[in-house]
Amino acid sequence: MLDFIKTIASNNNGGNMNSLYIHLVGLFMLFLTVVIFIIFCVKLSGFFIQRKRFPKKLLIASLAGVIVISALFLYQQYFFTFNKLEGELYKGPLNSPNGKYTANAYYMTYGGAAGGVNLWVEITYNNENDKKKTIYYSEAKSNFSMEWKNEDTLNIVNVEPKYPNSNGSIELEVAKEIYDENGLACKSLLMKDTYETCYQN
């Protein structure tokens with residue numbers, strides 16, 4: 001259950017409403033399951049000590065809650081996609097030297113005044129009916145830039161000078177490689193066919 005809370009905390013940075021609803025349902029189910037489980041334990045102790053009736057309904061409710069929470073956790077871990085990202089254009093368009101690709105960087109704030117900013121880079125395949133693919137997703141740092149190193153490789157600089165350990169800079173071969181700071185894209189079963197190599201921080 002603690003892993004589920006950590007996953008919700010890290011994934012909530014994504015900012016899309018569907019993900020937020022899933023997180024809220026997950027937290028509600030977690031809270032409800034813990035309460036039901038505590039009541040079940042109290043009733044169970046009564047069953048063993050005072051020979052009262054076995055609390056079957058509470059056991060079933062507890063198990064159902066665990067199953068729902070586990071299903072939500074598995075969904076978030078292994079069925080993650082970038083498909084529902086919505087944000088504001090930050091930098092771009094930046095065309096590759098041969099015009100095959102166009103890179104655009106987007107951002108979205110989260111968490112209000114005490115929150116932060118998520119940033120992602122989307123590649124448009126200009127010769128393939130403008131197919132789009134997110135190749136980079138990270139917490140935004142104060143120093144961000146992107147530059148084509150050659151026709152297929154994009155250099156992304158995303159660094160916070162005061163915190164060198166939080167460096168999210170990387171060079172990506174856009175047709176084969178992606179980067180997800182949280183690592184969810186690297187675990188996702190739905191995204192396995194979209195890259196050959198996935199990097200995470």
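Visitor: In strand 7, which residue is the bridge partner of asparagine 155?
Guide: This is a predicted model. Asparagine 155 has its place in strand 6, residues 153–159. Strand 6 and strand 7 pair in the antiparallel sense over four bridges. In strand 7, the bridge partner of asparagine 155 is glutamate 171.

Visitor: Is asparagine 155 buried or exposed?
Guide: Among the residues that asparagine 155 touches are Ser145, Met146 and Ile170, not counting residues up to four places away in sequence. Its relative accessible area is 17%. Buried means under 20% relative accessible area. Because its value is 17%, asparagine 155 is buried.

Visitor: In strand 7, which residue is the bridge partner of threonine 153?
Guide: Strand 6 covers residues 153–159, and strand 6 pairs with strand 7 in the antiparallel sense. In strand 7, the bridge partner of threonine 153 is glutamate 173.

Visitor: What is the order of the open sheet of three strands, and which are its edge strands?
Guide: The pairing in this open sheet is antiparallel, and the order is 5-6-7. Two of its strands each pair on one side only, and these edge strands are strand 5 (143–148) and strand 7 (170–173). Neighbouring strands of this sheet are turned against each other, direction ignored, by an average of 15 degrees.

Visitor: What is the order of the open sheet of six strands, and what is its average twist from one strand to the next?
Guide: The pairing in this open sheet is mixed, and the order is 1-2-3-4-8-9. Its edge strands, each pairing on one side only, are strand 1 (88–95) and strand 9 (197–199). From one strand to the next, the twist averages 25 degrees.

Visitor: In strand 9, which residue does tyrosine 179 stand opposite?
Guide: Strand 8 and strand 9 run parallel and are joined by three bridges. In strand 9, tyrosine 179 stands opposite tyrosine 199.

Visitor: Which strand gives the most to the lining of the second largest pocket?
Guide: About 250 Å³ of space lies in this pocket. Its lining includes Phe82, Trp120, Glu122, Lys132, Lys133, Thr134 and Met191. Strand 3 and strand 4 are the elements that give two or more residues to the lining. With three residues, the strand that gives the most is strand 4.

Visitor: How many helices and strands does the chain have, and what percentage of its residues is buried?
Guide: Read along the sequence, the pattern is α-α-α-β-β-β-β-β-β-β-β-α-β. The secondary structure comes to four helices and nine strands. Of the 201 residues in the chain, the buried share is 38%.

Technical notes: Residues numbered from 1 in each chain as written. Predicted model: local features only at pLDDT ≥ 70, side-chain atom pairs only at ≥ 80, totals over all residues. Heavy atoms only, no water. Buried < 20%, exposed > 50% of the residue type's maximum accessible area, 1.4 Å probe, protein only. Contact = heavy atoms within 4.5 Å. Pairing = 2+ DSSP bridges. Axes fitted to C-alpha atoms, helices over the stretch in contact; angles between N-to-C directions. 1 Å grid on protein atoms, 1.4 Å probe; cavity = no way out; pocket = protein on both sides within 12 Å on 5 of 7 lines; lining within 4 Å. Points joined across faces, edges and corners; volume = space filled by probe spheres on them.
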